[in-house]
Amino acid sequence: MTSTPDSSTPDRPARVPSPLLGRPGAVEGSGADAGVAAHYGDPHREQRLLAEGLAVVDLSHLAVLTVTGPDRLSWLHSLTSQALTNLAPRTSTESLILSPKGHIEHALEVVDDGVTTWLVTERDTAPAAQAWLESMRFMLRVEVADRTDDFAVVGESVAREGAEGEPIAWVDHWPGPIGDTALYGPAEGHPGANRPWRHVLVPREELVDYVGEQSLSGTWAAEALRVAAWRPRVGAETDHRTIAHELDLLRTGVHLHKGCYRGQETIARVHNLGRPPRRLVFLHLDGSGHVLPEPGDELRLGDKVVGRLTTVARHYEDGPIALAVVKRNTDPAAVLTSGPTSAAQTVVVAP
């Protein structure tokens, strides 16, 4: 087992390593997934168990924010990309916080229990998300709190909302669609339809008991299944200029006719007038070499740089796979390269 006692910087909050890193074989993750196990010694077996619903994933490094107060849903509705005013208790959705120019800043997993709206987001960017929400309170009856120290997230291959008396749970409805939106990828045959997934919010002191004797899979397993489902992750598939259309995130994260919010003009303009400048692709990587390319590495078509890798994984059935963002006009039939590794494309967002 490895350990990172304090990886904090002014932009990266300190993480307290999960107690589940004490399980046999646990190897801690790195970067955005530091603080929990990347794997427990057998990543492919862990992935197979997770896909079959026979294991859970420690995601206690994710951040948990809450919004309370009688104006909470209408307030979040006015600030973010999803229709939230009439969100029923224990019904999951997702929403985006955009920049004034429409670039993705934060993704929020949203579920309300009738009293509190629960938001799960990336740990590194949660302070910025909370600060921006706090700055937009004005005279409304809302309170924003960081509950990450109180609640841990557990990933499960389950598509069921939490019932009364159970822990609150956010269900990933990818690939949707959710509500009045648009698709930039396929309407039928989407691989994400084969990936049930939810995040259960467990009191942090009860994390070990909640997992109990269940098999544990690491984040490598969860990420491989996410890539195979073409599911983008903010912070991995995004950079400072990413718009939702490029990742097909309108299908679950954007309501097209909900009224004004920050960044809405870009959402509407690109949807009404054209195609996004870049597009998400799924890649099968040549696995004959001993080393795979890394996220952030360039993708080339001949001598021309056409994009970059965003997430790289080893799938238990499909072998080395990846998500990448490429220029919209890149030939979808072309075989790309990243260093010595060839990459065959599958279209996610249509050119």
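Predicted model: local features only at pLDDT ≥ 70, side-chain atom pairs only at ≥ 80, totals over all residues.
## A first question

Is Glu246 buried or exposed? Glu246 counts as buried, because its relative accessibility is 1% and the cut-off for buried is under 20%.

## The overall picture

Let us start with the whole chain. The protein chain contains 7 helices and 18 strands. Its C-alpha atoms fill a box of roughly 55 × 55 × 40 Å along the principal axes. The radius of gyration is 20 Å, which agrees with the value near 20 Å that a compact globule of 351 residues would have.

Of the 351 residues, 53% are buried. Contacts tell a story about the fold as well: among those with a separation of 6 or more, 70% join residues 24 or more positions apart.

## Surface and charges

Side chains of opposite charge can pair when their charged atoms come close. How many salt bridges does a search of the whole structure find? The search finds 22.

## Arg231 and Glu94

One of these pairs is Arg231 with Glu94, whose closest N and O atoms are 2.6 Å apart. The pair links distant parts of the chain: Glu94 belongs to strand β5 (residues 93–98), while Arg231 sits in the loop between α5 (219–228) and α6 (250–253), 137 residues apart. Both Arg231 and Glu94 are buried.

## Arg278 and its two partners

Now for a residue with two salt bridges to follow. The side chain of Arg278 meets that of Asp239 in a salt bridge, at 2.9 Å from N to O. Here, too, distant parts of the chain are linked, as Arg278 is in strand β13 (residues 278–285) and Asp239 is in the loop between α5 and α6, 39 residues apart. Arg278 is buried, because its relative accessible area is 10% and buried means under 20%.

Arg278 also forms a salt bridge with Glu246, with 3.3 Å between the closest N and O atoms. Glu246 lies in the loop between α5 and α6, 32 residues from Arg278 in strand β13. This is the buried Glu246 of the opening question.

## A network of charges

Salt bridges can also be followed through a group of residues. Asp33, Glu122, Glu223, Arg226, Arg233 and Glu237 are linked by salt bridges into a network.

Technical notes: Residues numbered from 1 in each chain as written. Heavy atoms only, no water. Helix = DSSP H or I, 4+ residues; strand = E, 2+ residues; numbered from the N terminus. Rg over C-alpha atoms; globule rule 2.2 N^0.38 Å. Buried < 20%, exposed > 50% of the residue type's maximum accessible area, 1.4 Å probe, protein only. Contact = heavy atoms within 4.5 Å. Salt bridge = Lys/Arg side-chain N within 4 Å of Asp/Glu carboxyl O.
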